[in-house]
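Please have the structure open while reading.

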Amino acid sequence: MVEIVDAKFVTSAPNVGAAPESDLQDEVVFMARSNVGKSSLLNALTNHKGLAKVSSTPGKTRLINYFDVTFLDRDSAQKSMAKFVDLPGFGYAKVSKSIKHDWEKNLTDYVANREQIKIFIHLIDCRHPHLEIDTSVSGFLFDNIRKNQHIIQIFTKIDKLNQKEQNKLKKEFPQALMVSSSKKRGTLKIIKIIHDILQENQENREEMDED
Ligand code: GDP
């Protein structure tokens with residue numbers, strides 16, 4: 001079993017240009033429309049209630065937040081580190097055009113310039129799986145990621161769907177994961193998948209260094 005045993009806030013940055021130096025550390029980027037449950041998921045994954053704020057004003061925080069996260073693989077007793085990157089929520093109806101533009105620029109810059117990113121986690125509200133904004137973010141990611149990067153789609157608030165609805169969603173999106181932060185369902189699986197991708201990436205890098 002893999003757990004996150006430590007998580008702490010590092011810093012905030014208004015854009016990728018101001019992102020902290022972390023050349024040696026893998027990054028996992030979390031992105032979602034406002035109110036989809038990104039903060040709740042970050043808190044649930046890290047077992048840290050106040051890590052990311054659960055917002056009462058959707059779309060208010062426009063900063064990129066960075067967290068240092070420590071994984072512990074209980075089977076091997078190995079610890080490993082990563083940075084979780086909490087991008088500002090997007091697609092909130094009331095944000096101005098310039099904020100929307102900033103967000104898009106942030107994401108584009110991120111994908112283009114941040115070598116450290118190994119995983120993009122795109123969260124989607126399970127009750128609204130076909131919103132145009134999510135489809136476009138998802139298309140953008142698939143078109144632009146590098147070979148050593150992964151995209152994970154996660155449907156949030158799965159406790160809001162009955163079993164039949166969950167099965168239907170699973171059938172339509174077989175690659176996607178499902179989570180309920182409030183019921184703590186699906187969180188361990190997400191941690192394990194993130195951990196395993198990062199480990200595999202690291203092993204590939206070490207092999208390349210040896211060549
Ligand atoms: P963010 O804007 O994406 O960071 O979303 P938040 O984490 O602030 O959550 C938005 C709202 O959805 C809050 O009222 C949360 O309590 C609620 N929420 C988040 N995760 C879940 C979940 O798994 N199940 C249910 N039923 N509600 C959730």
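## Ligand site

How far does a polar side-chain atom of Ser-40 lie from an oxygen atom of the ligand? The distance is 2.6 Å in this predicted model. A polar side-chain atom of Ser-39 also lies 2.6 Å from a ligand oxygen. Lys-38 contributes through its backbone: an N or O atom there is 2.7 Å from an oxygen atom of the ligand. Taken alone, the ligand exposes 580 Å², and the protein buries 78% of that.

The ligand is surrounded by 16 residues. Asn-35, Lys-38, Ser-39, Ser-40 and Asp-159 are the closest. By class, the shell holds nine polar, five charged and two nonpolar residues.

## Sheet

Seven strands form an open sheet with mixed pairing. Their order is β1-β3-β4-β2-β5-β6-β7. The edges are β1 (2-13) and β7 (177-178). Each has a single partner strand, so one side of each is left without a neighbour in the sheet.

Strands β2 (residues 27-32) and β5 (residues 117-125) pair in the parallel sense, over six bridges. Within β5, Ile-121 stands opposite Phe-30.

## Helices on the sheet

Helix α3 (residues 132-144) packs on the sheet. Its contacts are with β2, β5 and β6 (150-156). The direction of α3 makes about 165 degrees with that of β5.

Helix α5 (residues 187-210) lies across β1, β2, β3 (64-73), β4 (78-86), β5, β6 and β7. Relative to β5, helix α5 runs at about 160 degrees.

Definitions and conventions: Residues are numbered from 1 along each chain as its sequence is written. This is a predicted model: local features need pLDDT of at least 70, side-chain atom pairs count only at pLDDT 80 or more; totals for chains, interfaces and linings use all residues. Side-chain values use heavy atoms; hydrogens and water are left out. A residue is near a molecule or strand if one of its heavy atoms lies within 4 Å of it. A polar contact is a pair of N or O atoms within 3.5 Å; within protein, one must be able to donate a hydrogen and the other to accept it, and residues adjacent in sequence count only if both atoms are side-chain atoms. Accessible areas come from the Shrake-Rupley method with a 1.4 Å probe; for residues, only the protein chains shown count as cover. Ala, Val, Leu, Ile, Met, Phe, Trp, Tyr, Cys and Pro count as nonpolar, Asp, Glu, Lys and Arg as charged, and the others, Gly among them, as polar. Two strands pair if DSSP finds at least two bridges between them. Helices (H or I, at least four residues) and strands (E, at least two) are DSSP runs, numbered from the N terminus. Contact means heavy atoms within 4.5 Å. Axes are lines fitted to C-alpha atoms, for helices over the stretch in contact, and angles run from 0 to 180 degrees between N-to-C directions.
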